[in-house]
Amino acid sequence: MSEERPQNESDEFEEIVEAETDRDPDLAVIEAGSRTLRAQSGPPQGDGIPARPADPEVDRALREVEGELAGRWPETKLDPSLVRIESLMDILGSPQRAYPSIHITGTNGKTSAARMIESLLGAFELRTGRYTSPHVQSITERISLDGAPVSAERFIETYQDIRPYIEMVDAQQEHRLSFFEVLTGMAYAAFADAPVDIAVVEVGMGGSWDATNVIDADVAVIMPISLDHTDRLGTTPEQIAVEKAGIVKQDATVVLAQQPVEAASVVLKRAVEVDATVAREGMEFGVLSCEVAVGGQLLTLRGLGGEYPDVFLPLHGAHQAHNAAMALAAVEAFFGVGSQHARPLDIDTIRSAFASVTSPGRMEVVRRSPTVVLDAAHNPAGARAAAAAVTESFDFSRLIGVVGATEGKDVRGLLEAFEPIFAEVVVTGNSTHRAMDPDDLAAIAVEVFGPDRVQVEPRLDDALEAAITLAEEEGEYAGAGVLVTGSVITVGEARLLMGRG
């Protein structure tokens with residue numbers, strides 16, 4: 001591997017990083033990339049992550065939309081109110097009521113579960129709309145139709161179509177619609193326009209006051225609840241559960257992951273209040289068996305309607321097996337399995353759907369020899385799941401970590417979760433203003449790992465090269481690997497650096 005980038009590549013990288021630093025991280029299509037690293041891995045594997053538009057005019061128009069959205073409140077600034085989004089929905093003619101929906105909340109696993117639900121519904125020949133956040137690389141990933149992100153052209157068109165109504169609401173309210181509120185309005189309008197048969201919607205943060213919560217979902221999916229966004233949602237699982245249980249609507253079905261007892265009791269109380277039916281993981285459905293297989297795992301799932309054996313899931317980690325059980329139960333509940341009838345869904349359709357699932361940036365292998373794995377874990381619970389998945393699915397003789405975190409997260413807890421599996425850690429940053437300063441991150445890492453196991457590389461491309469070099473020190477066949485983690489943004493940048501953009 002080259003020790004230095006050619007001068008023209010170095011200059012280009014600096015220009016990109018400088019430009020990206022001034023943009024809202026939730027809007028930027030992360031383009032910073034060392035072309036020396038792009039050559040290290042193969043072409044994209046059909047994971048549905050779009051690149052920048054090839055047409056310069058379309059790219060310019062998309063950047064204009066991104067720029068206009070960047071001028072609004074970012075996702076990190078919240079106001080506990082649905083007034084603005086409800087006003088937008090009213091003026092648009094309530095597009096969110098034009099189709100049924102499945103609503104997903106929880107601390108970890110939401111996006112993976114949403115992608116699985118989408119795949120299952122699509123396999124049963126339903127037209128789907130999926131709204132998830134944050135994006136890995138492109139803002140257009142957030143709004144999907146029929147299992148694929150909307151095109152840049154459609155994204156731009158949707159924004160332009162509702163822009164006059166956005167401006168009308170802005171003029172009426174004390175605060176303008178936020179970035180996330182506008183995107184939510186765009187998604188709901190795009191789904192109605194398609195039209196879709198069903199929408200799969202992931203909350204942005206929390207539940208009750210989240211902009212997505214203007215839908216009346218037939219199925220509410222509550223993934224595992226742990227501590228994250230404690231400054232906004234609460235400092236205990238019970239407090240956080242109160243907020244997340246707000247997506248449970250009258251007469252809905254709740255698909256509930258295994259939870260801390262205090263969190264589960266909050267959700268069950270909410271279900272009683274609104275006459276919702278509850279399906280509990282480990283009781284009414286769950287994972288019966290899980291075996292590591294080449295490229296993923298082989299599952300036997302118990303659904304609401306019976307057993308589903310020999311289901312191949314091309315994702316790594318026990319947490320993904322639990323996500324699959326949640327997705328299956330959610331789709332069964334939508335089809336009335338367990339309430340209207342008790343027979344299982346067609347097993348061949350279920351197998352085909354799960355076999356086609358992708359979840360970019362979640363235990364994703366982007367290079368071999370040495371193996372480089374990306375995982376967007378950004379809190380202690382996610383880090384523990386990732387650490388378990390790496391240990392279970394990969395037989396690394398030595399694992400090097402690359403960690404770039406976001407300011408305000410429980411970084412110590414995240415590092416402590418990875419400490420038992422990382423031989424060494426390279427701490428770094430990403431190109432956004434929310435990135436934690438690498439030196440501050442290093443200070444905590446030294447306390448957790450000791451000074452001899454910590455290396456600091458402020459630039460992500462340099463950090464990746466350093467980690468790969470450390471892994472290669474054992475020799476080509478020694479079995480060392482690299483895990484890149486710490487935030488969705490870091491993983492998104494790393495995907496591009498490794499040639500996946």
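**Reading buried residues and cores**

Trainee: Why is Gln320 called buried?
Mentor: This is a predicted model, and the value is computed from it. Gln320 has a relative accessible area of 1%. Buried means under 20%. Gln320 falls under that cut-off, so the word applies.

Trainee: Where does Gln320 lie?
Mentor: In helix H11, which covers residues 318-334.

Trainee: What makes the link between the side chains of Gln320 and Ser112 a polar contact?
Mentor: Their distance is 3.3 Å. The pair must be N or O atoms within 3.5 Å, and one must be able to donate a hydrogen while the other accepts it. At 3.3 Å, this pair passes the distance test, so it can be listed as a polar contact.

Trainee: Which residues is Gln320 in contact with, leaving aside neighbours within four places in sequence?
Mentor: Ser112, Met116, Gln297, Leu313, Leu315 and Arg362. Each is called a contact because heavy atoms come within 4.5 Å.

Trainee: Now Ala187. How do you know whether it is buried or exposed?
Mentor: Its relative accessibility is 0%. Exposed needs over 50%, and buried needs under 20%. Ala187 is therefore buried. Ala187 sits in helix H7, residues 179-193.

Trainee: What does Ala187 touch, beyond neighbours within four places in sequence?
Mentor: Tyr131 and Ile143. Val150 is 37 residues away from Ala187 along the chain, and their C-alpha atoms are 9.9 Å apart.

Trainee: What makes a group of residues a nonpolar core?
Mentor: The members must be buried, of nonpolar types such as Ala, Ile or Phe, and joined through side-chain atoms within 4.5 Å. The largest such core here has 41 residues. Tyr131, Ile143, Phe155, Met186, Tyr188 and Phe191 touch the most other members.

Trainee: Which element gives this core its largest share?
Mentor: H7, with 10 residues. Among the other elements that supply at least two are helix H6 (152-172) and strand S3 (143-145).

Trainee: Which residues does Met186 contact, with neighbours within four places left aside?
Mentor: Ile143, Phe155, Thr158, Tyr159 and Ile162.

Trainee: How many residues are in the second core?
Mentor: 40, and it is separate. Its members include Ala114, Ala325, Ile350 and Ala353.

Trainee: Why might nonpolar side chains gather like this?
Mentor: In soluble globular proteins, nonpolar side chains tend to be buried together.

Trainee: And what share of the whole protein is buried?
Mentor: 58% of the 501 residues. Each of those counts because its relative accessible area is under 20%.

Key:
Residues are numbered from 1 along each chain as its sequence is written. This is a predicted model: local features need pLDDT of at least 70, side-chain atom pairs count only at pLDDT 80 or more; totals for chains, interfaces and linings use all residues. Side-chain values use heavy atoms; hydrogens and water are left out. Helices (H or I, at least four residues) and strands (E, at least two) are DSSP runs, numbered from the N terminus. Buried means under 20% relative accessible area, exposed over 50%, partly exposed in between (1.4 Å probe, protein chains only).
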